[in-house]
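Student: Hi! Could we go through this protein together? I have a few quick questions.

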Amino acid sequence: MKVLVYGLARSGVAAASALEARGDEVVSVDGELGNESDLGLLLGVDLVVKNPGVPGDRPLVVEARRRGIPVWSEVELGWRLLAPRPFIGVTGTKGKTTTSELVGEIFRAAGREVVVAGNVGRPLSAVDASEDAWIVCELSSFQLEDVHELALEVAVLLNLEPDHLDRHGTFEQYRAAKLRIFERARHRIVPRGLGLEGIEFSADDPLPAEPRLPGRHNRANAAAATAAARAAAIPDEAIGEGLRDFRGVPHRLELVRERDGVRWINDSIATNTLAARAGVDAFDAPVRLILGGRAKGEDYNAFARGLPARVAEVYLVGEASDELAAALEAAGRSFERAETIEHAVESAANAASPGDVVLLSPACASYDQFANFERRGEEFRRLVSKLP
């Protein structure tokens, strides 16, 4: 086939490589190539594979659909390349990476071959696995927008709160994208209380073992992973071993350093208010909170009003500083405009007392100052490690 791959970030590059490896002709489109506006590139194209970072309203994508050219997400391509291997898909507003990696840990404890891929980490179309392997795939709303035949053995929805409204426009559209994970799924794992059909879970469920990660939200993640593993016929003994052994993922409540009785925590993956609040709630100690980045269309007022009294200070960075400052002022909360992660770390280091937690949990995307949340977290780590 002749395939147009739109967007050459990590998953787009993987998709192009996979297509070329099987003999397809690939046309690459990307903003850095300067060819996004060239509709003539669609001539003779049989398929468009879209990087999840490319919005569906881009002219080239709209024109492809008008011409009847199928538009796939990179996940759709990866699933078709790997079928009929069994898949577990994990989505939700927060906790996707942690839960996906936890499911992988449980499968390894059970002696099952497993590959964890998807939204964070290895793109699905770059996976090389034996025919006996299970694939655990973290799925974002962007990736689920353009699936067509994706069929999961187990589909997990962790939670559902407003997010990415700058892309989806409304919560209803965001919700609809997330719920596409259940199309053609054999087993559906759903949060108790959302009124969705499936196997329900909650943070209060009895578990084969207690997870070692802090916070009620991580217990909910563990309950979801347990339900998914049981649906895949993993015994409770292996589930318990996985829960006990799993140490978490980088950039999610990651202890970077303890210095003079102050814990420095990297939670850069918390790119929305729900995840940031879960990060704050994980600690029963005074918290110095670093917030900010690029706004994603959320209303910060409820978040600011709901911050507990143990949040001793807030340091604002990045583009969203004005929005966050207005919400914090309205809530009567103190804050400091640090502008950059470097200045926030410096201010927090000067003000923190033994027993405090300095928490980078930004509630925003990273794209104003960093290529992705990983780079933001790495910069935080670097700065904290340099403190004398």
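Student: Which strand is arginine 337 found in?
Tutor: Arginine 337 sits in strand 15, residues 336–339. Keep in mind that this is a predicted model.

Student: Is arginine 337 buried, exposed or partly exposed?
Tutor: Arginine 337 counts as partly exposed, because its relative accessibility is 40%.

Student: And what is arginine 337 in contact with?
Tutor: Leaving aside neighbours within four places in sequence, arginine 337 is in contact with Leu316, Ser321, Asp322 and Ala325.

Student: What separates the C-alpha atoms of arginine 337 and glutamate 74?
Tutor: Those C-alpha atoms are separated by 39 Å, and the two residues are 263 residues apart along the chain.

Student: Switching topic: where does serine 361 lie?
Tutor: Serine 361 is in the loop between strand 16 (357–360) and helix 14 (373–386).

Student: Buried or exposed?
Tutor: Serine 361 is buried, with a relative accessible area of 0%.

Student: Now helices! At roughly what angle do the axes of helix 8 and helix 9 cross?
Tutor: The axes of helix 8 (residues 216–231) and helix 9 (residues 236–245) cross at roughly 150° and come within 10 Å. Angles over 145 degrees count as roughly antiparallel, so helix 8 is roughly antiparallel to helix 9. The crossing is right-handed.

Student: Which residues make the contact?
Tutor: Helix 8 brings Ala222, Thr226, Ala229 and Arg230, while helix 9 brings Asp236, Ile239 and Leu243. By class, that contact has 4 nonpolar, 1 polar and 2 charged residues.

Student: Which residues of helix 9 are buried?
Tutor: They are Ala238, Ile239, Gly240, Gly242 and Leu243. What covers them includes helix 4 and helix 8.

Student: What about the largest nonpolar core: which members touch the most others?
Tutor: That core has 33 residues, and Ile88, Ile106, Phe107, Val156, Ile234 and Leu243 touch the most other members. Among the elements that each supply at least two residues are strand 5 (87–91), helix 4 (96–109), helix 8 and helix 9. Helix 8 gives the largest share, 8 residues.

Student: What does isoleucine 106 touch?
Tutor: Not counting residues up to four places away in sequence, isoleucine 106 touches Ala225, Ala229, Ile234, Ala238, Ile239, Gly242 and Leu243.

Student: How many residues are in the second, separate core?
Tutor: The second core has 26 residues, including Leu253, Val311, Leu316 and Leu328. Leu316 is also one of the contacts of arginine 337, where we started.

Conventions
Residues are numbered from 1 along each chain as its sequence is written. This is a predicted model: local features need pLDDT of at least 70, side-chain atom pairs count only at pLDDT 80 or more; totals for chains, interfaces and linings use all residues. Side-chain values use heavy atoms; hydrogens and water are left out. Axes are lines fitted to C-alpha atoms, for helices over the stretch in contact, and angles run from 0 to 180 degrees between N-to-C directions. Helices (H or I, at least four residues) and strands (E, at least two) are DSSP runs, numbered from the N terminus. Angles under 35 degrees count as roughly parallel, over 145 as roughly antiparallel, 65 to 115 as roughly perpendicular and the rest as oblique. A crossing is left-handed if the near helix is turned anticlockwise from the far one by less than a right angle, and right-handed if clockwise. Contact means heavy atoms within 4.5 Å. Ala, Val, Leu, Ile, Met, Phe, Trp, Tyr, Cys and Pro count as nonpolar, Asp, Glu, Lys and Arg as charged, and the others, Gly among them, as polar. A nonpolar core is a set of buried Ala, Val, Leu, Ile, Met, Phe, Trp, Tyr and Cys residues joined through side-chain atoms within 4.5 Å. Buried means under 20% relative accessible area, exposed over 50%, partly exposed in between (1.4 Å probe, protein chains only).
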